[in-house]
Amino acid sequence: MVRLQQIGFQFGEPRRGKNANNGFADRHPRNIRAAACVLNHYYFHLGKVPFGDTKKLIFRVPDPGMTEDGKSKLQCDPKFQYDSLGIGYCDLCYDYAATEQLEGEPLKRSILDAVHEGCINYCRHFGITDQPFQDAFNGVLKDELRFGFYFNKKKSYRDQASGRKFLLYVKFDWNELSVVAEVYERRSLLGSAFLYSTTPSIDPWAMLIRKPGWSAHNEIVLEPIKISGGTTNCSLPLHDLEDGVKADTLAWSIQNPQPLG
């Protein structure tokens, strides 16, 4: 039995060549960003669990289209399969057209329910235990659908000259991707501040945290990669800290801050 390495999406009908973009993201941007948030949160609790012969699970998301009277044409008859490479496929019963007007917790919960149902149905179809998926679902709900974590298992970045150090907290929400610095002087918490905020892409991890450290002027620096190419140079003077506040508390006390950097 192999372990599940990844869960992902295939939005709409795949295309090849110069016109590979099928336009799904342009029609349903809010849903796609929320789907990335929810799926990463779900897998964060799930981890690399034994998963039959499947090492990668792809949810195929149909583009429902619309009827002339503005109603969705989604037809849900899920099919399950996996190939010789260990990639499994499952049709996701989720109506992106009908839920595009949702936002926040209702939007995330609608996607979570669809993803969880797809995983449970896939397990039952191939005779795989679904208990790890039930636990992951409950873990997301216990977090109140708020996905955030300290980067790299709370690795600290230290300034040898001053004795200060900082941790990085990542907030990944349906409409926001932020990095918050939590700063200490030796063992005393000085405070926290937003270092970088942007609108999330489909899968932003490789672009987010790059070259964290200290500048010659005792500022915290970060160099995220832009989705459109190039980098953004971010710096944080220590006088901008919210005194005595931890990063996870600050991250969720402010909703969708203005883009920084």
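Reader: Two strands pair if DSSP finds at least two bridges between them. On that basis, in which sense do S2 and strand S4 pair, and over how many bridges?

Author: S2 and S4 (residues 87–91) pair in the parallel sense, over five bridges. The bridge partner of Lys56 in S4 is Ile87. Strands here are DSSP runs (E, at least two residues), as are helices (H or I, at least four), numbered from the N terminus. This is a predicted model: local features need pLDDT of at least 70, side-chain atom pairs count only at pLDDT 80 or more, and totals for chains, interfaces and linings use all residues. Residues are numbered from 1 along each chain as its sequence is written, and side-chain values use heavy atoms, with hydrogens and water left out.

Reader: And S1 with S2, how many bridges there?

Author: Six, again with parallel pairing. Ile7 has Leu57 in S2 as its bridge partner.

Reader: Is S2 mostly covered or mostly open?

Author: S2 is mostly covered, with five of its six residues buried (under 20% relative accessible area, 1.4 Å probe, protein chains only).

Reader: Which residues have the most contacts inside the largest nonpolar core?

Author: Leu4, Phe9, Tyr42, Leu46, Phe59 and Phe133, in a core of 39 residues. Such a core is a set of buried Ala, Val, Leu, Ile, Met, Phe, Trp, Tyr and Cys residues joined through side-chain atoms within 4.5 Å. At least two of the core residues come from each of S1 (6–11), H2 (29–46), S2 (56–61), H3 (104–126) and H4 (131–142). H3 gives the largest share, nine residues.

Reader: What does Phe133 touch?

Author: Leaving aside residues up to four places away in sequence, Phe133 is in contact (heavy atoms within 4.5 Å) with Leu4, Tyr42, Leu46, Val49, Phe51, His116, Cys119, Ile120 and Cys123. There is also a second, separate core of 25 residues, Tyr196, Leu208, Trp214 and Leu241 among them.

Reader: Changing topic: at what angle do the axes of H2 and H4 cross?

Author: Roughly 120°, and the axes come within 8 Å. The axes are lines fitted to C-alpha atoms over the stretch in contact, with angles from 0 to 180 degrees between N-to-C directions. His41, Tyr42, His45 and Leu46 in H2 meet H4 residues including Pro132, Phe133 and Ala136.

Reader: Last one: what is the strand order in the open sheet of three strands?

Author: S10-S11-S12, with antiparallel pairing. S10 (213–214) and S12 (234–236) are the edge strands, each pairing on one side only. S11 (residues 220–222) is joined to S12 by three bridges, and Leu222 stands opposite Cys234 in S12.

Methods
Buried < 20%, exposed > 50% of the residue type's maximum accessible area, 1.4 Å probe, protein only.
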